[in-house]
Amino acid sequence: MRSKITYIVLSAVLVVYFFLAGTRGWYLLREGTPLTVAFGVAVLVLPAIGIWFLWHTTAFARAASALARELDAEGGLPVDELERTPSGRIDRDSADAVFRRRKAETEAAPEDWRSWFRLAVAYHDARDTPRARKAMQQAIRLRRAAG
C-alpha cells in the first residue's frame, strides 16, 4: 500500500509540473517571435512526452495488478521460496534456481499467461528489471488475447 501511495503522490507532482511547464510553453508561443516560438514548442514537447510515459506506466501497473489479483484468486501466485542473506536481500543463487524453474515452465507452456507472470516475478527477483517488464508485457498480451 505504501508504494501505491508513493506512486499517486509522485504522479500528482508530475501532473502539476506538466501543467506548469505547459503554461510556460504556451506563454512563449504567444509571444510570437521565432525564438520564443521555438522555445515554446520545445517546452511543450517535454510535458507531452511525460504525460505519455505516465499514462503507459500507469496502464501497465494496472494491468499487472489485475493479473496478480486474478492469479491470486486462482491460487496460482508464486510462493516466496527464496533464501535471504542476513541483511534480508535475496540470495542470488536461490533466485537463479527459481528462475530456471520458471523459465522451464514458460518454455513448456509458452501460450499460458500465468507462466509468463511467474517468469516476470522470477526475473524481478533476479534483479533483471528490463526482462521482468518484457515478460509481464507478454503475460498481459496473452491474457488479453484469451479474452
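The expected span of a helix is 1.5 Å times one less than its number of residues. In the predicted model described here, helix H3, comprising residues 92-108, can be judged against that expectation: with 17 residues, H3 reaches 24 Å from its first C-alpha to its last, close to the 24 Å expected. The buried residues of H3 are Ser 94, Ala 95, Val 98, Phe 99, Arg 102 and Thr 106. Viewed down the helix axis, these buried residues fall within an arc of 130 degrees, so they line one face of H3. An α-helix has 3.6 residues a turn, so residues three or four places apart point the same way. Asp 93, Arg 100, Glu 107 and Ala 108, on the other side of H3, are exposed. Helix H4, spanning 113-125, is the element against which the buried residues of H3 pack.

At the level of the whole protein chain, the secondary structure consists of five helices and zero strands, and the order along the sequence is α-α-α-α-α. The mean pLDDT of the chain is 92, with 100% of its residues at 70 or more. Confidence is lowest in H3, where the mean is 90, and highest in helix H5 (residues 129-146), where it is 95.

The overall dimensions of the chain were examined next. The radius of gyration of the protein chain is 21 Å, whereas a compact globule of 147 residues would have a value near 15 Å. The C-alpha trace spans about 60 × 40 × 25 Å along its principal axes. Of the 147 residues in the chain, 29% are buried. Among contacts with a separation of 6 or more, 50% are accounted for by residues 24 or more positions apart. The accessible surface of the protein chain amounts to about 10200 Å², and carbon and sulfur atoms contribute 64% of this surface.

Helix H1 (residues 2-31) contains 30 residues and extends 44 Å between its first and last C-alpha, close to the 44 Å expected at 1.5 Å a residue. Its buried residues are Ser 11, Phe 18, Ala 21, Gly 22, Thr 23 and Gly 25. The cover over these buried residues of H1 includes helix H2 (34-74). Gly 32 follows H1 and has a positive phi, near 85 degrees.

Phe 117 is located in helix H4. Because its relative accessible area is 5%, below the 20% limit, Phe 117 counts as buried. Leaving aside residues up to four places away in sequence, Phe 117 touches Ala 64, Leu 67, Ala 68, Leu 71, Leu 77, Pro 78, Met 136 and Ala 139. Glu 74 lies 43 residues from Phe 117 in sequence, and the C-alpha atoms of Phe 117 and Glu 74 are 13 Å apart in space.

Arg 127 is placed in the loop between H4 and H5. Although Arg 127 is not a glycine, its phi is positive, at about 65 degrees. The relative accessibility of Arg 127 is 44%, so this residue counts as partly exposed, a class that lies between the 20% and 50% limits.

Definitions and conventions. Residues numbered from 1 in each chain as written. Predicted model: local features only at pLDDT ≥ 70, side-chain atom pairs only at ≥ 80, totals over all residues. Heavy atoms only, no water. Helix = DSSP H or I, 4+ residues; strand = E, 2+ residues; numbered from the N terminus. Buried < 20%, exposed > 50% of the residue type's maximum accessible area, 1.4 Å probe, protein only. Arc of directions from axis to C-beta. Contact = heavy atoms within 4.5 Å. pLDDT = per-residue confidence, 0-100. Rg over C-alpha atoms; globule rule 2.2 N^0.38 Å. Areas by Shrake-Rupley, 256 points an atom, 1.4 Å probe, with all protein chains shown as cover.
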